[in-house]
Structures are given as structure tokens and as C-alpha cells.
Amino acid sequence: MRDVIARAEAGEGLSSEETASLIALEDDSLCRALYAAAYRVKLRYVGNGVYLRGLIEYSNICAKNCLYCGIRRDNGRIRRFELTLEEILAAAQLAFEYGYGSVVLQGGERSDGRAVDLIERAVRRIKESFPALGITLSCGEQSLAVYERWRRAGADRYLLRIESSGRALFERIHPADSVFDERLEALKALRTAGFQVGTGVMIGLPGQTPQDLAADIAFFRTLDADMIGMGPWLPQRDAPLHDETPETPEKAARRFRWGLNMIAATRLALRDVNIASTTALQTLRPADGRELGLLAGANVIMPNVGEVEHRNDYQLYDGKPDLDENARSIRLALERSIAGIGEHIAYNVPGTPRHYLARISRRSEE
Ligand code: 5AD
Ligand code: SF4
């Protein structure tokens with residue numbers, strides 16, 4: 001196993017079986033060796049500066065019914081909200097004042113004209129007010145025409161997770177309102193529209209194997225993704241997707257472990273991309289989940305900059321942390337914990353993925 005880790009660190013391509021064996025690692029000392037190797041590759045390719053993205057959860061209204069998600073359309077137990085343009089701008093201003101360098105507008109998937117307009121106007125206003133702020137959107141599958149409008153308005157990046165790159169597993173966790181081939185098309189359209197493209201998967205879904213996850217990493221590579229955001233699947237009480245066997249601390253611990261292993265294996269395979277250490281990791285280990293993600297090879301964190309008021313209604317999964325923490329206290333805690341692991345926050349820079357910059361400069365040389 002140590003030989004497989006060393007070869008991955010040296011940049012040799014691994015077979016899918018070898019990648020799967022990294023993801024399945026349970027032994028503490030081997031996991032430590034895996035994370036240390038991924039960390040060295042991260043230092044070499046992207047450094048030890050952590051990019052912060054101010055997360056603005058602007059609306060929990062969603063037209064879709066994903067079987068795992070707490071804000072799915074049919075969940076009648078949450079209050080639906082949508083921030084006004086002014087509220088979105090206020091959150092962006094806070095991110096700017098904190099030196100976060102970029103914001104992520106994330107919301108349920110809607111394609112009605114009003115929702116599309118709101119995003120377009122919000123992006124335009126943020127760009128006008130804070131030209132240096134990077135803008136990432138995470139607003140689901142849309143047509144190429146809508147992506148182009150948002151891109152023209154000034155958005156730089158887009159996150160659209162494939163959730164699972166295996167068609168059968170994708171279909172098991174989505175009702176008919178999500179079509180695998182349409183998700184692939186949307187990812188392609190994002191590239192056509194000129195976005196820096198991020199994708200990702202959930203880890204530890206019922207029935208998912210390390211081989212499935214190894215195929216996900218191969219998918220990231222084929223897509224030539226610039227950013228990866230992934231985290232453990234967390235059972236949600238209002239969502240229909242449940243494991244057939246009851247949840248146990250051991251199962252949660254394994255999903256966390258696989259979450260770290262996936263970050264490390266992805267860093268070893270993709271080298272210069274941005275990888276987020278996600279809230280789902282923090283949910284499973286509130287004290288240090290995201291920091292362990294950074295130490296396993298991630299380099300991005302997305303702290304919430306929205307108002308506390310709506311957090312309870314934006315629970316994609318149970319146990320989401322920081323429900324009553326305001327943006328200021330979240331920032332202070334992060335600053336301390338990131339310094340505590342010997343890293344630093346890269347303030348006031350947009351944090352463009354090196355992978356994207358390399359692709360652009362290759363293209364301009366051609
Ligand atoms: N557990 C983990 N992640 C989830 N997401 C939605 N529901 C869950 C859940 N129960 C993730 C999806 C989606 C992102 C916004 O949140 O991957 O793309
Ligand atoms: Fe809607 Fe996204 Fe949740 Fe699916 S994962 S129900 S598209 S918010």
C-alpha cells in the first residue's frame with residue numbers, strides 16, 4: 001500500500017483498483033501516510049494558503065425532489081425563503097469587508113424567469129460594487145442560454161455536482177426530475193459558457209463502493225474539472241433516501257474516513273485543482289472536520305456570510321453546524337483553527353484555480 005501511495009505522489013497514474021484501495025483505507029497509520037502524501041502534493045501545486053468563499057444561501061425554494069436533500073420540493077416541514085437583492089448585496093459586502101476574496105451564491109434549482117433574473121441582477125450588482133470579488137454560482141442545471149446570461153453578468157465559476165458519476169447510482173438517488181445525461185450536458189454547457197467548472201459527489205451513499213468513488217475521480221479528470229466539492233452523505237430525516245440498516249456511529253465514522261480519503265486521492269490524481277473542505281465534514285466532526293480536510297489535501301473553505309435568520313430552513317442535511325453563529329464569530333473561529341494547523345488564510349484574492357489558469361495559458365499559446 002505504501003508503494004501505491006508513493007507512486008501516486010510521484011504523479012504516476014494509478015489503476016482504478018489501486019485508487020479504490022486508497023479510498024477504502026481504514027488503517028490509521030496508512031491513512032496518515034496517504035494524507036501526508038496528498039498534503040505534500042497540495043503544497044507543491046497550490047501552496048498552504050486557504051481560500052475562503054463567503055457562502056450566501058440565497059433561497060431554499062427548489063423545483064427538484066432529490067431523494068437525499070432536506071430542501072427538496074416536497075418537504076413541507078420548512079419555511080421557504082428567498083433573499084432580496086439588497087440582502088444578497090449586504091451579504092456580499094460582508095464577505096468583501098472580511099477579505100474573503102470571493103462569494104458563492106447557492107440556492108435551490110429554479111428556472112423560472114423571475115429566479116433567473118434575480119441571480120443575473122445580483123451578479124451584476126456585486127460585480128459593479130466589488131469588481132475584485134470572485135463570484136461563484138451554485139444554482140443547479142440550467143440551459144446554455146441562462147448560463148451565458150449569468151456569465152455575461154460577471155459570474156466566474158459554477159459548481160454543479162454530478163453527485164455520483166455512475167448512472168445507476170445517480171438514478172437510485174434521484175427521481176425522474178433529474179436525468180443523468182442532462183446533468184452531463186449541463187456540465188458541458190458550463191464550459192461552453194466560459195465558466196471555471198466545479199463538480200463533486202456525495203461519499204458513502206447507500207450501496208456505494210470504493211470502486212464507484214474511484215470512478216468518480218476518473219470522471220473529474222475526464223471532465224477536466226477546475227474545482228471539486230464533495231463530502232460525506234448525511235441522512236436527512238425529511239428525505240426519503242435512507243440506508244436499509246440503521247445509522248450507527250461506526251457508519252458515520254466510516255463515511256468521514258472515506259471523505260478524507262477521497263480528498264487525498266483526488267489531490268493525488270488531479271494535483272492543481274481547488275478542493276473544498278466541506279460543511280458535511282464539519283457536521284460529522286464539528287471540532288476539527290474541516291481542518292482535517294485541509295490536512296488531507298483540500299484548500300478551500302466556504303464560511304457562511306448570510307443572516308442567521310434563515311439557517312434553520314437551509315438544512316440540506318441534519319446536524320448542520322453553525323446554525324446560530326454569526327458571520328463574524330465564524331470568521332474568528334476559522335482564523336484560529338487554520339493558524340492552529342500551520343496554514344494561513346489567503347485574504348483578498350479571488351483564489352482562481354491553478355488548473356484553470358494553466359488551461360487558459362496553454363490555450364493562449366496555441
Ligand atoms: N448529505 C450530504 N450532502 C448533501 N447535499 C444535499 N443533501 C445532502 C445530504 N443529505 C449536497 C449535494 C448538493 C449540495 C448542494 O449539497 O451534493 O449538490
Ligand atoms: Fe434542490 Fe439541489 Fe436539494 Fe436537489 S440537491 S433538492 S436540486 S437543492
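Which residues surround ligand 2? I looked this up and found Cys62, Lys64, Cys66, Tyr68, Cys69, Ile71, Arg72 and Gly108, where near means that a heavy atom of the residue lies within 4 Å.

I noted that this is a predicted model, in which local features need pLDDT of at least 70, side-chain atom pairs count only at pLDDT 80 or more, and totals for chains, interfaces and linings use all residues. Residues are numbered from 1 along each chain as its sequence is written, chains are lettered from A and ligands numbered from 1 in the order written, and side-chain values use heavy atoms, without hydrogens and water.

I sorted the shell around ligand 2 into five nonpolar, one polar and two charged residues. Here Ala, Val, Leu, Ile, Met, Phe, Trp, Tyr, Cys and Pro count as nonpolar, Asp, Glu, Lys and Arg as charged, and the others, Gly among them, as polar.

I checked Cys69 of that shell: at 14% relative accessibility, Cys69 counts as buried. Buried means under 20% relative accessible area, exposed over 50%, and partly exposed in between (1.4 Å probe, protein chains only). Cys31 is also buried, at 1%.

Next I turned to helix H13, residues 327-340; helices are DSSP runs (H or I, at least four residues), numbered from the N terminus. Its buried residues are Ala327, Ile330, Leu334 and Ile338. Seen down the axis of H13, they fall within an arc of 55°, so they line one face; the arc is that of the directions from the helix axis to the C-beta atoms. The face turned away from the buried side carries the exposed Arg328, Arg336, Ala339 and Gly340.

Just after H13, I found Gly342 with a positive phi of about 80°.

Key
Helix = DSSP H or I, 4+ residues; strand = E, 2+ residues; numbered from the N terminus. Expected span 1.5 Å × (residues − 1).
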